[in-house]
Amino acid sequence: PPHRPKTGSVGIPVSDVDIKIVDQADPSIELPLGEVGELIVKGPQVMRGYWNRPEETANAFFNEYLLTGDLAYMDEEGYFYISGRKKELIKASGYSVFPAEVENYLYMHPAIAECCVYGAPHSYRGEEICAAVVLKDEYNNQVTAEDIIAWAKEHMSAYKYPRIVEIRDSLPKNASGKILRRVLAETMKKV
């Protein structure tokens, strides 16, 4: 609501819209307040399906709810917060790691101008947490990937910090300036 915004929230549903947070693996299980799961939505403005693609339509819905692929949680006042995308979730050593959360920590590093976190296949851990970073001009040739890893290890949980950091001159972006995480992930070989 415009009269009661909450920082970081996408707000509350508008009239005639029903939203739930459900288990990522089983949409029949609704999750309690504060727990992150997949956001599903039902309402008159939600699409009915994909044109001439009944199989994709069947995979995109559960009991008339659209499976958005967004990971979110709801607070005690009914406000929703997006945590990331289901496809981008990194599964490292049995833990779920949200790239956006790791990026938020990395942006606290004084040398980092831009960053993108993604998962790369790992033979033992499932996925390895990787980060591509662009340094601020004044830190070029002064901060190494190893420095950033050491800083991250000190400031993040043991299962969240990136084990691989690549310093780049720029990050791949689309026409609107959004960093293309998928492009970075595709460039990584199995670790």
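R4 is a fitting place to begin, since at 41% relative accessibility it counts as partly exposed, a class lying between buried, under 20% relative accessible area, and exposed, over 50%, with a 1.4 Å probe and protein chains only. Because R4 lies in the segment before β1 (18-22) and E77 in the loop between β4 (65-74) and β5 (80-85), the pair ties together parts that are 73 residues apart in sequence. Strands (E, at least two residues) and helices (H or I, at least four) are DSSP runs numbered from the N terminus. R4 and E77 also belong, with K6 and D75, to a network of salt bridges.

This is a predicted model, in which local features need pLDDT of at least 70 and side-chain atom pairs count only at pLDDT 80 or more, while totals for chains, interfaces and linings use all residues. Residues are numbered from 1 along each chain as its sequence is written, and side-chain values use heavy atoms, with hydrogens and water left out.

A second salt bridge joins R85 and D70, at 2.9 Å from N to O, and it links strand β5, which holds R85, to strand β4, which holds D70, 15 residues apart.

Definitions and conventions:
Salt bridge = Lys/Arg side-chain N within 4 Å of Asp/Glu carboxyl O.
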